[in-house]
Amino acid sequence: MKRGACFVDGGVDHFRLAMAIAYRAKQLSSGVEANVPKNNDKNVVIALREIACGAVSIGYMEETMISGFQRYSYLIEGGE
């Protein structure tokens, strides 16, 4: 894959992007398989390329991160 072939849309909030990249890089460091070729890059670069190419979405990373930090699971029951 050519460097710069994938580019993140300009409408993305930089804070959300940085949080998603950091969390994905942490996952990659802990042994999760990358969705793009590694090309001898560091985990942060791999995470950025995954998000830029759409292999991993920012929304999914946010939900995964939030559920990972929650201590309790809240169930919403209909009508009660």
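Q: Why is Arg49 called buried?
A: Arg49 has a relative accessible area of 14%. Buried means under 20% relative accessible area, exposed means over 50%, and partly exposed is in between (1.4 Å probe, protein chains only). The value for Arg49 is 14%, so Arg49 counts as buried.

Q: What kind of model do these values come from?
A: The model is predicted: local features need pLDDT of at least 70 and side-chain atom pairs count only at pLDDT 80 or more, while totals for chains, interfaces and linings use all residues. Residues are numbered from 1 along each chain as its sequence is written, and side-chain values use heavy atoms, with hydrogens and water left out.

Q: What makes the contact of Arg49 with Asp41 a salt bridge?
A: The closest N and O atoms of Arg49 and Asp41 are 2.5 Å apart. A salt bridge needs a side-chain nitrogen of Lys or Arg within 4 Å of a carboxyl oxygen of Asp or Glu, so this pair qualifies. Asp41 is buried, at a relative accessible area of 18%.

Q: How many salt bridges does the whole structure hold?
A: A search finds 3. One of them joins the side chains of Arg24 and Glu50, with an N to O distance of 2.6 Å. That pair links distant parts of the chain, since Arg24 is in helix H1 and Glu50 is in helix H2, 26 residues apart.

Q: Are Arg24 and Glu50 buried or exposed?
A: Arg24 has a relative accessible area of 5% and is therefore buried. Glu50 stands at 0% and is buried as well.

Q: What does the salt bridge between Arg16 and Glu62 tie together?
A: The side chains of Arg16 and Glu62 meet at 2.6 Å, N to O. Arg16 lies in helix H1 and Glu62 in helix H3, so the pair ties together parts that are 46 residues apart in sequence.

Q: Why are Arg16 and Glu62 called partly exposed?
A: Arg16 is at 36% relative accessibility and Glu62 has a relative accessible area of 23%. Both values fall in the range set for partly exposed, so the label applies to each.

Q: How do you know which elements make up the protein chain?
A: Helices (H or I, at least four residues) and strands (E, at least two) are DSSP runs, numbered from the N terminus. The protein chain comes to 3 helices and 0 strands, in the pattern α-α-α along the sequence.

Q: Which residues of helix H2 are buried, and what covers them?
A: In H2 (residues 43-53), the buried residues are Ile46, Ala47, Arg49, Glu50, Ile51 and Ala52. Their cover includes helix H1 (14-29) and helix H3 (58-69).

Q: What makes the phi of Asn39 and Asn40 worth noting?
A: Most residues other than glycine have a negative phi. Asn39 has a positive phi near 50 degrees, and the phi of Asn40 is positive too, near 60 degrees.

Q: Why is Asn40 called exposed?
A: Asn40 is at 80% relative accessibility, so it passes the cut-off for exposed. Asn39, at 43%, counts as partly exposed.

Key:
Contact means heavy atoms within 4.5 Å.
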